[in-house]
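Subject: Structure for you to look at

Hello,

Here is the structure I said I would pass on. My notes on it follow below.

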Amino acid sequence: MALLELETAARLAPDIPSVVASLGYANSVAGRRTDARKILEKLATLRPKTYVPATDLAAISVSLGEKDEAFRWLEEAFQERAVSLTWVKSWPPFGPIRDDPRFAELLHRIGLD
């Protein structure tokens, strides 16, 4: 049901990257990895043209099990001073990488340790 709602939201708001990213994350969690990957790639190609939070791309990457890619996106978020990093410590999509030393180091640099 939630996936259908996110599909509708993304169809109605295709120009709002975080809405589209939420669909990408949900697709991955639902096992629709190919759809999630397509959304991830689409959002990555939009970045030079419009603001797409790197944290959104990191969340999709985590859900796909691509930790190194997720940390690459989190580093970009840090470099661009993304406001969404302020809740990365408690944001559920990042649960699978919280035990990674790179996550602790990121939290330290943000000032959330």
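The buried residues of H4 pack against H2, helix H3 (33–46) and H5. Here contact means heavy atoms within 4.5 Å, and buried means under 20% relative accessible area, with exposed over 50% and partly exposed in between (1.4 Å probe, protein chains only). Helices are DSSP runs (H or I, at least four residues), numbered from the N terminus.

The model is predicted, with local features needing pLDDT of at least 70 and side-chain atom pairs counting only at pLDDT 80 or more, while totals for chains, interfaces and linings use all residues. Residues are numbered from 1 along each chain as its sequence is written, and side-chain values use heavy atoms, with hydrogens and water left out.

Helix H4

Of the 10 residues in H4, 10 are buried, and the helix is mostly covered. The buried residues are Ala54, Thr55, Asp56, Leu57, Ala58, Ala59, Ile60, Ser61, Val62 and Ser63. Ser61 has 0% relative accessibility and therefore counts as buried. Leaving aside neighbours within four places in sequence, Ser61 is in contact with Leu40, Glu66, Glu69, Ala70 and Trp73. After H4 comes Gly65, which has a positive phi near 80 degrees.

H4 against H5

Two packed helices are described by the angle between their axes and the distance between the axes. For H4 (residues 54–63) and H5 (residues 67–79), the angle is about 170 degrees and the axes are 8 Å apart. Axes are lines fitted to C-alpha atoms, for helices over the stretch in contact, and angles run from 0 to 180 degrees between N-to-C directions. H4 and H5 are therefore roughly antiparallel; the classes are roughly parallel under 35 degrees, roughly antiparallel over 145, roughly perpendicular from 65 to 115, and oblique for the rest.

The crossing of H4 past H5 is left-handed, a term used if the near helix is turned anticlockwise from the far one by less than a right angle, with right-handed used if clockwise. From H4, the residues that meet H5 are Ala54, Thr55, Leu57, Ala58, Ser61 and Val62, and their partners in H5 are Glu69, Ala70, Trp73, Leu74, Glu76 and Ala77. By class, this contact has eight nonpolar, two polar and two charged residues. In this scheme Ala, Val, Leu, Ile, Met, Phe, Trp, Tyr, Cys and Pro are nonpolar, Asp, Glu, Lys and Arg are charged, and the others, Gly among them, are polar.

H1 against H2

Helix H1 (residues 2–12) and helix H2 (residues 17–29) cross at roughly 150 degrees, and their axes come within 9 Å. That makes H1 roughly antiparallel to H2. H1 passes H2 in a left-handed crossing. On the H1 side, Leu3, Leu6, Glu7, Ala9 and Ala10 take part, and they meet Val19, Val20, Ser22, Leu23, Ala26 and Asn27 in H2. The contact of H1 with H2 has eight nonpolar, two polar and one charged residues.

Ser28 also lies in H2 and is buried, with a relative accessible area of 6%.

H5 and what follows

Lys67 is found in H5 and is partly exposed, at 37% relative accessible area. Residues up to four places away in sequence aside, Lys67 touches Pro96, Ile97 and Arg102. Between Lys67 and Phe94 there are 10.0 Å in space, C-alpha to C-alpha, and the two are 27 residues apart in sequence.

Glu75, also in H5, is partly exposed at 28% relative accessibility. Glu75 and Arg33 are 23 Å apart, C-alpha to C-alpha, and 42 residues apart in sequence.

Arg81 is in the loop between H5 and helix H6 (101–110). Its phi is near 55 degrees, a positive value in a residue other than glycine. Arg81 is exposed, with a relative accessible area of 74%.

Helix H6

Which residues of H6 are buried? They include Phe103, Leu106 and Leu107. Seen down the axis of H6, the buried residues fall within an arc of 100 degrees, so they line one face of the helix; the arc is that of the directions from the helix axis to the C-beta atoms. Pro101 and His108, on the other side of H6, are exposed. H5 is included in what covers the buried residues of H6.

Regards

Technical notes:
Helices (H or I, at least four residues) and strands (E, at least two) are DSSP runs, numbered from the N terminus.
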